[in-house]
Amino acid sequence: MRETTPITVARGDGIGPEITDAVLHVMEAAGARLKVEEVPAGEQVYRRGHLGGLDAAGWGSIRRTRVFLKGPITTPQGYGNKSLNVTARTTLGLFANVRPCVSHHPYVRTRHPRMDVVIIRENEEDLYAGIEHRQTDDVIQSVKLISRPGSERIVRYAFDYARANHRRKVTAFVKDNVMKMTDGLFLKIFNEIAAEYPEIKADHLIVDIGAARLADQPERFDVIVTLNLYGDIVSDIAAQITGSVGLAGSANIGDACAMFEAIHGSAPMIAGQGIANPSGLLMAAVMMLVHIGQGDVAARIHNAWLKTIEDGVHTVDIFNRGVSRQRVGTHAFADAVVERLGQMPVTLPTVGYAVTARPAYESGVRLSPRRKAVKELVGVDVFLHWPGGNPDELAGLVLPVATPALRLSSISNRSQKVWPEGNIGVFCTDHWRCRFLAPEGVAVGHPDIVELLSGLARAGLDFTQTENLCNFDGKSGFSAT
Ligand code: NAD
């Protein structure tokens, strides 16, 4: 008797219940060895006042089973509610989002018949940390956080994935030409880790041209690893150009838990009509079965699904006169897959999966040892909310407050230098950055910053934020602008 794996299932909103029913039906018919714990999620839970879209029992079930198959959730509009997707990714530590995007030519209409790309997106950091502050009347700031361990975990995951799945190449998408420190760190780590996988080709592209090439010639790509925001955009482009966003599933992988979902949303316009395509959630379920060591069942379902697509049994979103033979609803599509369990596709490539459970992916265990750098405080950036418009006037107010240890070195507005000898034609908002630097050879500490801020306060200047300027091992740890 083979072991049964407990999983948590949430049907979700909109078309979620219909497609989840269809997927559970296919998995049961295929002999998946599962003990399903159903939990409510989404709108009904938000309405009961749970801001994260799952109640305590729901979170408890996921912590117990560690495997979550999630139907799509309508993103709450109400202030205070948090997206369940974002909450689950961060609270469960699901650092890797894995999205295979494969075309099924000629059965699903696409301009890219030979496309087979996997997008691996960092899931927890970047602008998605959601650290935002209104600083002045004019300016709101969002913080982009990139960490060494966060980058190392996702890049290593991408190379391990490529190795385990016999992929040839991993491409990093970054914007290090502009964000030299954050994206630069990601790329540096990518290059370091790539060297440990000599059998896998590694290259990188600036994300804008990378996205353009992906949209034009996706067959040039194999595995793409990228930061959270770029990954969000690029993975939707990739899924769309396979022919339909309704076909792709995704896995969110962490050290302790994993969550599997379709990439599409709750499609409220077609909810309750029985016409939604359950394929995206079914492909997510296939990834889940592989994850829990039921690759035999996953392959049975995947091959039967390919045969169904090949036989032209299509839901309305992929129905294509000339190729499609039968237009079916959600449940009839699931029945068609069930009828074909045990069959193989004839022209589309068949799939096979390992049947042993992957060991828990303990990404933290393989982080390279972190060395503490020698950190030296050399100055401070002080951001001011100042409604005046003349940088020389502001310098006149700030200069008398500067201390012998921290001297005013420059003033900038939206990163453009405006004092001294500011660039001509810079449009200035009410958000000013005054950079104070210690003279060569003068050691500064936190008390010097406190003294400076006290002086600014006495002068009636409204400081909204400070950033310490430090050198790490003698190298500048801050941008020049
Ligand atoms: P959507 O993905 O729900 O729908 C986009 C289009 O694709 C619609 O025309 C829809 O009818 C169609 N579509 C989507 N899935 C389909 C399927 N399985 N079969 C056939 N057609 C399908 O995107 P949206 O309308 O922008 O979002 C609706 C809600 O879902 C929003 O609240 C959004 O925030 C949320 N959403 C949730 C998730 C998630 O839970 N992971 C992902 C994306 C969007």
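Tutor: Two strands pair if DSSP finds at least two bridges between them. Helices (H or I, at least four residues) and strands (E, at least two) are DSSP runs, numbered from the N terminus. The model is predicted: local features need pLDDT of at least 70, side-chain atom pairs count only at pLDDT 80 or more, and totals for chains, interfaces and linings use all residues. Residues are numbered from 1 along each chain as its sequence is written, and side-chain values use heavy atoms, with hydrogens and water left out.

Student: Which residue in β18 does V382 stand opposite?
Tutor: V382 faces C434. Strands β15 (residues 375-385) and β18 (residues 431-437) run antiparallel and are joined by seven bridges.

Student: What is the strand order in the open sheet?
Tutor: The six strands follow the order β17-β16-β18-β15-β19-β20, with antiparallel pairing. Because β17 (416-419) and β20 (475-476) each have a single partner strand, one side of each lacks a neighbour in the sheet.

Student: Which strands does helix α13 touch?
Tutor: Helix α13 (residues 446-458) packs on the sheet and touches β15, β18 and β19 (462-472), where contact means heavy atoms within 4.5 Å.

Student: Now the ligand: how many residues surround it?
Tutor: The ligand is surrounded by 18 residues (a heavy atom within 4 Å). The closest are I73, T75, G265, A267 and N277.

Student: What is 2.4 Å from the side chain of T75?
Tutor: An oxygen atom of the ligand lies 2.4 Å from an N or O atom in that side chain. A nitrogen atom of the ligand is 2.9 Å from a polar backbone atom of N277.

Technical notes: Axes are lines fitted to C-alpha atoms, for helices over the stretch in contact, and angles run from 0 to 180 degrees between N-to-C directions. A polar contact is a pair of N or O atoms within 3.5 Å; within protein, one must be able to donate a hydrogen and the other to accept it, and residues adjacent in sequence count only if both atoms are side-chain atoms.
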